[in-house]
Amino acid sequence: MPLAQLPPLLSIQQVTKRFPGVVALEDVWFNVQRGELHAIMGENGAGKSTLMKILSGVITEYEGAVLLRGQPTAFGGTRDAEAAGVSIIHQELNLVEQLSAAANIFLGREKRTRFGLIDNRGMQQAAATLLGLLECSIRPEQLVGELRVGDQQLIEIAKAISLEAEILIMDEPTSALTETEVARLYRVIDRLRARGVTILYISHKMDEVFRLADRITVLRDGKLVKSVDRAGVSRREITHLMVGRELEQTRLGDGRMPTETVLQVQNLCLAWPGHARQWRLKDINFSLRRGEILGFAGLMGAGRTELLETLFGARMEKHSGQIVLDGQPVAFSHPQQARRAGVALVTEDRKRLGLFSQMSVGKNITVCALSDAAPGGVINPSIEAQLARQSIQELGVKTSGVEASITSLSGGNQQKAIIGRWLLTKPKVLLLDDPTRGIDVGAKAEIYRLLDRLCRQGLGIIVTSSELPELLTVCDRIIVLCEGRQSGEFARGEATEQNIMEAATNVAVG
Amino acid sequence: MPALDNHSADHHGAGESRWMRILRSGEAKLVIAIIAVFLIAGAIDPAHNYFHQSSFLGSVDLIVRQTALLGIVALGAAVVIIAGGIDLSIGSMIAFSATVCASLLLLLAPEEMSGAVKWYRLTGEEINRTALGEKWNSAELADHWFADQATFKLALEKSMPADELKSHLATLLSQAEKNKPIPVWVIAVAVSGAILSGFLVGSLHAWLITVVGLPPFIATLSTLVGLRSMARVLCFQITSYKQGGPKTIINIFDDGFRTLTNQHWIPIAVCLVLLAAVWLFLQRTIAGRHVYALGGNEQAARLSGIRTENIKWLAYAISAMAASITGVLQLSYVSSADPQTQAVGYELNAIAAAVVGGCSLQGGVGTALGAVLGGMFMWTVLNGISMVIKENADTYQGWVVGVVVVLAVAFNQMRQSLSQSRSFFPGVLGYVTITSLSLIAGLMGMAIGKSFRGEPVGLAGLLALGTTAVFLLALKWMGGRPAKNQ
């Protein structure tokens, strides 16, 4: 019965967005029905974020039309979108850390007293009610900067509820959450849906999408691939739609031959003054051999990043315990010493800690190995370009050339360039902190194969990841951290997601 | 930046030759802008002074010399800005180093510095040419220093009686003993001392920023205020000690020292040499590359194993030393160290030159050549204004510098927001802005009108005000609501 069919709440019609040199979206169209949870999937660079920015009024210029309740929208900014009932929760949260939870929720629409002054008490009461709805224990007067990421996210959600958002866009909401926080988020999402909120949910993670979504829309290279009912598809099909090819199950690590020990860590401790736990890291013991990939698993805050930073001399505070590199005891106090001794660290947050976004691809690659390109102290541009080109070729970085801007590359290729940067320093030990975060499926597999190759060439590699399947794919051994302590170690054969997760969530000190 | 580009040209395909890229660079645009300003100012100027050979050469000489002095500090400011910092102390550093230099001269050569008259050394030829040769033994005279040439020749022309001349010369000779030129080694020590003071101040900045943890703005703001006051104290102390009483100015009469800038090529050569050195440093040394890395992303730089604190030290030392070199040249140029007024506000000129030349205050972007060309562009505009507005042109300087900086920096963003057809004058702020821009235009109109008619012309001002207001309002109403997509 066509008459009974409700018009879609949101209808995206032939939307195209061009940026200088790139078409981010091309002719994308699909409908979102009232009350559904609609997942948007796609590799990085597929155009998901651009689309969400259009829907939430961040991008105001585009071709095509967006109909909300059958009416064309013309958002002049996020305010207009919010007024129309569309709220977005960005992956990078949009909060003012120096303000309280309540002040953040009502930022820009502060309640006022009769005298026109700001009504803090009123806002705090309202905030408390909202936060109560979300079953969280944040006090409204608490400063946002003091809260955990998961709680901060709830503040954004509370804000959206207070705006009476009819459509809530969530951009990779679980990327920084712990398991318990994820479970709580799922419950919150259920409540929102019970209130009739329509949710657009962007995610990489198949598990989440298949647990939550009613419909799935897949984008690829800025184009619509397909909009399907979740009930009618399998995960494999979705993966296929996203990458446009069958992913072969990556099987790596067979027949690696680890040789002598290159790194030995004994009783490594890192104090945490003023914190209830007292230790960021406590009694860490392990060794790493050449030609071996060692993985560190653990939840957020378990100490993975702190451990790698300590090994690399990048932490400000002093550690205790012993680190032996190639038979020599070392205690780096600056990354420069680590680099010279043959330790390399590919940092966790590429944009913030790794990239020089104003530099070219070539300069980003050579920045750590310039002395090789500077005979007599003066940089020789042709040697430098040669070094960079060599790296680009070896690692298969897709770029228009060494002079191309690093920001013109996709996340995966940026990451390869940074790995290339460190390989030029000829390291003995390569540390990688969550190297595939925010990278699409295809590029992930390429990075796994790259790590495998480097390992077979005799490099000792330590890798951390927030995704367990990733560690299971690439590592020979996996050590699990829990609240700064070692809570388990599994060899390749015995590691499963199940037993790693148990070790990561359970403070078992042996 | 020519580094690394040999191959990328192939990748960019047709139409991106090396020359095209040079032409599209910010530096080329600045050169074109400089020529354009020159031509426009020459055309507007009722007397067309730029188009007469003598005043053309005079103007070019003036612009180049002023650019040389500003360019040196702009180079230093650029290095700090590229490294992601800011140096607000430049103007005070110039005054301080000039005072240090003058104080050292006074300390090491008090007698040579005390001369109230200029002394002139006659050559043997001159002695023989004049009547003197008959009366005096030329060998005896040639070894001595005399009062300045004009006084001396006057005495000769008045044909003094021989014995009167003789006694006059005798007194001169007795004084001349005390008024030798400042020995070269003293000048060398004084100049080195001034540059060393720059190094010390730059190092102090680096310490305040990297060890104490002050923001660069605060660290250099404190020396901006502090150094000038220290220079004044130093001037007082040293003059009371060596010249019998506190003075606010140390004068320099020595011709040898003043040659530093009387010979126009010297400051220009200093600027060019420093330009080449800073270019080489930034483009071809590892430390220079690390300056860009530090300014682009400090955390990533540290995690790449760069000693960021050393790079900052280097950057702030370069900036303060560039300022102290300018201090020495200025001291020679104006023949006195005047710590109270010397180079007040110069830091802003230097920062403006660097920014006009393409440095981003966010750090990580900019070139040495751009900074110097930015300085040249500013002086070209200032000189052009003084051609068009004959009287009190210097009062317009700040105004012009302000407009130039805003336009240069806004240029890129404007192109961007134009392409998004965003309104330039949104809402109430738009009306207020249109009012103030019209008032500025009106004031400018009055000034220009005066230079044509020779009297204050209220009409021209009103005309300019009205036209601007109408134009901007039209812009607001037409562009205010961008044509919305269906």
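Hi everyone, let's start with a pairing: strand β13 of chain A runs parallel to strand β18 (residues 460-464) of chain A, with 4 bridges between the two. What we are looking at is a predicted model, where local features need pLDDT of at least 70, side-chain atom pairs count only at pLDDT 80 or more, and totals for chains, interfaces and linings use all residues. Residues are numbered from 1 along each chain as its sequence is written, while chains are lettered from A and ligands numbered from 1 in the order in which they are written.

A quick word on terms. Strands here are DSSP runs of E with at least two residues, numbered from the N terminus, and two of them pair if DSSP finds at least two bridges between them.

Back to β13(A). Its residue A:Leu294 has A:Ile462 as bridge partner in β18(A). β13(A) also pairs in the parallel sense with strand β19 (residues 477-482) of chain A, over 4 bridges.

Now, confidence. The model scores ipTM 0.75 and pTM 0.76. Chain B has a mean pLDDT (the predictor's confidence in each residue, from 0 to 100) of 80, and 77% of its residues reach 70 or more. Over residues 480-486 of chain B, though, the pLDDT is below 50. Thanks, all!

How values were computed. Two residues are in contact if their C-beta atoms, placed from the backbone, lie within 7 Å.
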